[in-house]
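Dear colleague,

I am handing over the structure below, and I would be glad if you kept it open while you read the notes that follow.

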Amino acid sequence: MSRHPGAIVLATALLLGFSPAAIAASEGSLSVQPARGATGAQVEVRIVCPEEQPFHFRPLLPVESTALAVSGAVDPLRSTADLPATVRTVPPGRYSVSVRCEGRGGNGLIAYRTLTTTFTVVPKTTASSTPPPKKPQVPRVPRGGVATGDGTFSAIR
């Protein structure tokens with residue numbers, strides 16, 4: 001495998017008569033919004049495949065991730081996709097997310113680009129449904145002392 005796959009694509013495109021200006025490329029991107037979440041959280045995976053002449057790139061599923069269960073489908077005519085995902089039950093930490101884009105050009109040329117990002121799984125917070133019991137202001141009322149109440153305001157009448 002070549003150390004510079006882009007050089008092979010460039011050389012092939014030049015041999016086929018494409019100008020260097022037409023071969024200018026955008027890198028493409030892969031992002032997860034929000035970039036962190038707890039088990040069960042809903043996130044969105046945004047895929048933007050590169051723009052690289054003479055190829056028309058499109059996302060190839062599946063999106064590879066240990067932390068995310070990605071669903072949805074891609075439009076084969078579009079180079080972008082927004083896919084819903086759910087955070088899987090995995091230990092908290094940083095996880096890789098990747099997807100391949102396939103580019104088809106004239107004369108049967110095919111190229112692949114891999115997009116990668118990271119997603120952070122955070123610990124799930126447990127929200128208590130009942131508030132903790134209220135502690136009295138004075139743990140033990142002194143004998144013969146005045147009872148001060150529970151801390152709520154009351155007007156003297």
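How many aromatic pairs does the structure hold? The structure holds one aromatic pair, where rings of Phe, Tyr and Trp (its six-membered ring) are said to pair if their centres lie within 6.5 Å, with planes under 30 degrees apart counted as stacked, over 60 as edge-to-face and the rest as tilted. The pair is formed by F55 and F57, and it is tilted, with 5.9 Å from centre to centre and 55° between the planes. F55 is buried, with a relative accessible area of 8%, and F57 is buried as well, at 1%; here buried means under 20% relative accessible area, exposed over 50%, and partly exposed in between, for a 1.4 Å probe and protein chains only.

Before going further, please note that this is a predicted model, in which local features need pLDDT of at least 70 and side-chain atom pairs count only at pLDDT 80 or more, while totals for chains, interfaces and linings use all residues. Residues are numbered from 1 along each chain as its sequence is written, and side-chain values use heavy atoms, with hydrogens and water left out.

Next comes the sheet. Strands (E, at least two residues) are DSSP runs numbered from the N terminus, and two of them pair if DSSP finds at least two bridges between them. Four strands make an open sheet in the order β1-β3-β6-β5, and their pairing is antiparallel. Because β1 (29-33) and β5 (68-70) stand at the edges with a single partner strand each, one side of each is left without a neighbour in the sheet. Between β1 and β3 (residues 42-48) there are five bridges, and V32 has V45 in β3 as its bridge partner.

There is also one disulfide, by the rule that a pair of cysteine sulfur atoms lies within 2.5 Å. This disulfide joins C49 to C101, with an S to S distance of 2.1 Å. It links distant parts of the chain, since C49 is in the loop between β3 and β4 (56-65) and C101 is in strand β7 (residues 93-104), 52 residues apart. The torsion about the S-S bond of C49 and C101 is about -80°, so the disulfide is left-handed, and both cysteines, C49 and C101, are buried.

With kind regards
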